[in-house]
Amino acid sequence: MKPSDGELKTASGIPDTASIAKTVSVIIEYAIKSRASDIHVEPRADTVQVRYRIDGILHETMTLPKEVLSTVVAYIKTLASLNSEDLRSPQEGRFSFKLPDKSLILRVSTLPVIDGEKIVMRLLDENAHPLSLEELGLEGENLSRVARGIHEPHGLILVTGPAGTGKTTTLYSILTLLNAPGVNISTIEDPVEYRLPGINQTQVNSKSGITLAAGLRSLLGQDPNVVMAGEIRDSETADLAIQGALTGHVILSGLHTDDTATAIVRLLDMKIAPFLVASTVKLVIAQRLVRRICASCRISYVPSADEIATIKTSFQLDAALNIFRGKTAEPKKTPITPVPTTHTLMSSPAIAGNMKIVEPVHDLMKTKTIMQRIADDPNIINRTMAEAEAAQTKKPAVPPPVSAKSQAPAQTTPAKLNGNEFMLYKAGPGCDKCSHNGYIGRIGIFEVMEINDIVTKMIVSRAHADMIEEASVREGMITLSQDGLLKCLRGETTIEEVLRVAHEIDR
Ligand SMILES: [Zn+2]
């Protein structure tokens with residue numbers, strides 16, 4: 001599949017057009033086969049490096065001889081209708097690429113670098129259908145909150161996270177759910193990434209005067225029901241979005257902040273009056289993408305006491321426990337309303353080192369907490385509810401042994417685990433199913449904030465983001481990293497992966 005260095009030259013040593021066309025075609029086909037999202041063609045001192053971004057990570061894929069660089073670059077620029085004579089300016093264009101079973105758009109950008117011109121091609125599958133919210137990784141209470149929020153008759157729905165965390169995909173999935181005959185949906189985007197049938201999509205084009213703000217203003221005059229504005233970046237766009245939501249529209253937008261509470265504070269920083277934020281924002285979804293481990297070759301293990309202690313710290317489980325118990329570890333800036341002491345999150349300090357997941361059974365049907373979701377699904381904790389109840393009544397004494405089970409099959413039965421143990425998973429050595437990567441695709445981890453009465457009060461009083469988050473958690477919001485932990489317990493990803501992306505911040 002990989003072209004060897006020699007085959008690109010004719011007898012004279014100069015590559016001919018036919019072999020360049022074939023090489024570019026092979027690079028693209030191989031990228032599609034590898035599920036790559038981007039192709040980077042990068043000049044190095046003596047070679048040309050081709051790298052693919054697969055599941056968010058760049059992989060070196062092939063090396064071409066340096067003498068083909070200018071021809072390959074010129075060929076790709078011609079395909080994308082760019083000026084191939086201009087080697088000094090960054091350029092952007094696109095072209096389509098057809099295979100027997102699918103057609104793709106390749107969005108091309110060029111950039112002069114020290115050893116020549118670098119090309120990045122983003123692969124956009126024209127026929128890709130937007131994923132369902134479940135396929136994105138929304139589930140349980142998070143899914144219910146989104147379903148409630150998007151069916152409000154009007155209001156602002158924000159999807160937030162750093163660049164490259166799947167915000168656009170989530171926005172498209174929501175638009176698809178709202179798309180029905182009789183509903184006018186319009187978007188203003190930069191760029192339009194996918195075409196959605198039945199939806200009026202407008203591309204931002206600053207040269208023609210279609211800025212995001214100008215486009216949004218025009219759209220709001222076109223009697224829409226639902227408007228998606230790619231991303232709120234400034235006060236003007238924020239103000240228009242708020243006005244749109246106030247005047248009876250559903251407005252969807254992306255926002256670059258790290259989590260849900262900072263999205264609220266960002267709007268306030270953009271000079272939107274607190275009462276307007278509180279009365280228009282219905283839902284804030286924060287998200288990240290984690291790599292999904294291959295279920296066919298993943299390796300299960302029982303974490304050691306040390307690892308559990310680290311997990312408890314990293315995921316702030318004790319802090320969450322205290323919140324659920326209505327206590328706070330440190331004095332806070334404003335008083336906190338006590339909450340019912342009915343939720344038990346993780347182990348009590350008395351069983352330090354062990355993580356015991358116990359939820360009183362009588363609370364299960366009444367509460368919507370992270371614990372309910374863990375307890376609802378025995379696979380998450382590899383224990384039955386009966387065991388959980390039994391464990392609650394007796395004092396756990398034996399700490400879990402340091403793992404010797406790392407080679408055990410992934411689906412170890414719950415019965416084989418001691419009361420205090422639980423299973424985690426890591427990527428396996430790779431198999432045919434995952435193209436020997438150990439990972440296969442990505443899945444979202446989410447934090448979904450509903451603007452309820454308590455959060456509304458905090459917004460109006462301009463509370464700090466930490467306070468807004470804490471109040472939301474007390475109301476049952478699952479944080480990003482806690483949603484990630486649930487997906488670790490379920491064998492969908494790893495602790496390392498969740499910690500890696502949870503610390504990605506918008507800079
Ligand atoms: Zn595998």
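**View 1. Helix α1 laid over the sheet.** In this predicted model, helix α1, residues 17-33, lies across β1 (38-43), β2 (47-54), β4, β5 and β6 (116-125). If you want its heading, α1 runs at about 140° to β1.

**View 2. Helix α2 on the strands.** Helix α2 covers residues 69-79 and lies across β1, β2, β4, β5 and β6. Take β6 as the reference here: α2 runs at about 40° to β6.

**View 3. The open sheet, strand by strand.** Six strands make up this open sheet, and reading across you get β3-β2-β1-β6-β5-β4, with antiparallel pairing. The edges belong to β3 (57-65) and β4 (91-98), each of which pairs on one side only. On average, neighbouring strands of the sheet are turned by 20° against each other, direction ignored.

**View 4. Zooming in on β4 and β5.** Strand β5 spans residues 103-113, and its antiparallel pairing with β4 runs over eight bridges. To pick out a bridge, go to F95: its partner in β5 is L106.

**View 5. Helices α6 and α7 side by side.** Here α6 (residues 212-220) packs against α7 (residues 235-246) at an angle of about 15°, and their axes are 9 Å apart. An angle under 35 degrees counts as roughly parallel, so that is what α6 and α7 are to each other. Their crossing is left-handed.

**View 6. Who touches whom between α6 and α7.** From α6 come L212, A213, L216, R217 and L220, and they meet E236, T237, L240 and G244 in α7. Sorted by type, the residues of this contact come out as five nonpolar, two polar and two charged.

Definitions and conventions: Residues are numbered from 1 along each chain as its sequence is written. This is a predicted model: local features need pLDDT of at least 70, side-chain atom pairs count only at pLDDT 80 or more; totals for chains, interfaces and linings use all residues. Two strands pair if DSSP finds at least two bridges between them. Helices (H or I, at least four residues) and strands (E, at least two) are DSSP runs, numbered from the N terminus. Axes are lines fitted to C-alpha atoms, for helices over the stretch in contact, and angles run from 0 to 180 degrees between N-to-C directions. Two residues are in contact if their C-beta atoms, placed from the backbone, lie within 7 Å. Angles under 35 degrees count as roughly parallel, over 145 as roughly antiparallel, 65 to 115 as roughly perpendicular and the rest as oblique. A crossing is left-handed if the near helix is turned anticlockwise from the far one by less than a right angle, and right-handed if clockwise. Ala, Val, Leu, Ile, Met, Phe, Trp, Tyr, Cys and Pro count as nonpolar, Asp, Glu, Lys and Arg as charged, and the others, Gly among them, as polar.
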